[in-house]
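Colleague: Please take me through one part of this model, the surroundings of the ligand. Keep it plain, and show how that part connects with the rest.

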Amino acid sequence: MKKISNGKSNEFCPQTLFLYGTYKEDKTPNFGLFCWFSYTWHAELGVMACIGGDKLTKDLIRKNKVFSANLVNKPLLKLADYYGNKNGYDTDKMNLVPDYTNGDTLNVPIIKNSPVNIELEVIQEVHLDGSDVFICKIHNTMVDENLMDETLNIEDKIQLLQPVFTTCQTYFTQECTNSGHWGEPMKEITDEKI
Ligand SMILES: Cc1cc2nc3c(=O)[nH]c(=O)nc-3n(C[C@H](O)[C@H](O)[C@H](O)COP(=O)(O)O)c2cc1C
């Protein structure tokens, strides 16, 4: 593989998308779209979420100390794109409200049509130059019951999930075919150059 230097970039490194849900002071929900999201381990599985600049979502996460992360799948993409391009400080942003309910363990809005909702509590905030990273405890996840159906295999479930990925400022859906359980692909390694 011949390489070309591409600077300080995360292009061609697809990321999963989440809608972060928070409650405003008047108890109505706000949603924003985020992809700088990953996991941590501190005695148990946790989450880290990086939020740049000033945003309503950040203000509300700081104030409430809790929020939801709702996985974006193909049917949710139109709404997710809107929540990612419409500023929460614009008072008309939430004229478009998804069907939501309250989290099972935390007071956070969760989107009913998102197949995975993660209920998060902030336990630490790290200030960086231009952004802030919220280290969070996972209190609970709510998942589509079909994803727990033991008669379906993992490939069927991921195809049901229809996750959307993003890179290069573009959204992608994938075919989601099963390329092996962890530890299986390595069994195919042979002595030949790979
Ligand atoms: C595809 C996509 C991914 C985004 N990911 C992030 C992110 O990870 N961190 C961030 O600070 N902003 C991210 N944004 C920008 C926020 O979604 C945007 O600022 C939005 O207005 C936030 O909602 P709010 O203004 O209601 O807080 C992303 C936008 C898009 C379109």
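Modeller: Strand 3 (29–34), strand 5 (45–52), helix 1 (56–64) and helix 2 (77–85) each supply at least two residues of the shell around the ligand. Helices (H or I, at least four residues) and strands (E, at least two) are DSSP runs, numbered from the N terminus. This is a predicted model: local features need pLDDT of at least 70, side-chain atom pairs count only at pLDDT 80 or more, and totals for chains, interfaces and linings use all residues. Residues are numbered from 1 along each chain, as its sequence is written.

Strand 3 gives the most to the shell, with four residues. The shell has 17 residues, and Gly32, Trp36, Thr57, Gly84 and Gly88 come nearest to the ligand. A residue is near a molecule or strand if its C-beta atom, placed from the backbone, lies within 6 Å of it. By class, the shell has seven nonpolar, nine polar and one charged residues. Here Ala, Val, Leu, Ile, Met, Phe, Trp, Tyr, Cys and Pro count as nonpolar, Asp, Glu, Lys and Arg as charged, and the others, Gly among them, as polar.

Seven strands form an open sheet in the order 3-2-6-9-10-5-4, with antiparallel pairing. Two strands pair if DSSP finds at least two bridges between them. Strand 3 and strand 4 (37–41) are the edge strands, each pairing on one side only. From one strand to the next, the twist averages 35°. Strand 5 is joined to strand 10 (residues 131–143) by seven bridges, and the two run antiparallel. Ala49 has Phe134 in strand 10 as its bridge partner.

Next, the helices. Helix 1 packs on the sheet. It touches strand 2 (18–23), strand 3, strand 5, strand 6, strand 9 (116–127) and strand 10. Its direction makes about 55° with that of strand 2. Helix 2 lies across strand 2 and strand 3, running at about 95° to strand 3. Contact means that two C-beta atoms, placed from the backbone, lie within 7 Å. Axes are lines fitted to C-alpha atoms, for helices over the stretch in contact, and angles run from 0 to 180 degrees between N-to-C directions.

Which residues does Val72 contact, leaving aside its neighbours within four places in sequence? They are Leu17, Phe18, Leu19, Leu77, Ala80 and Val164.
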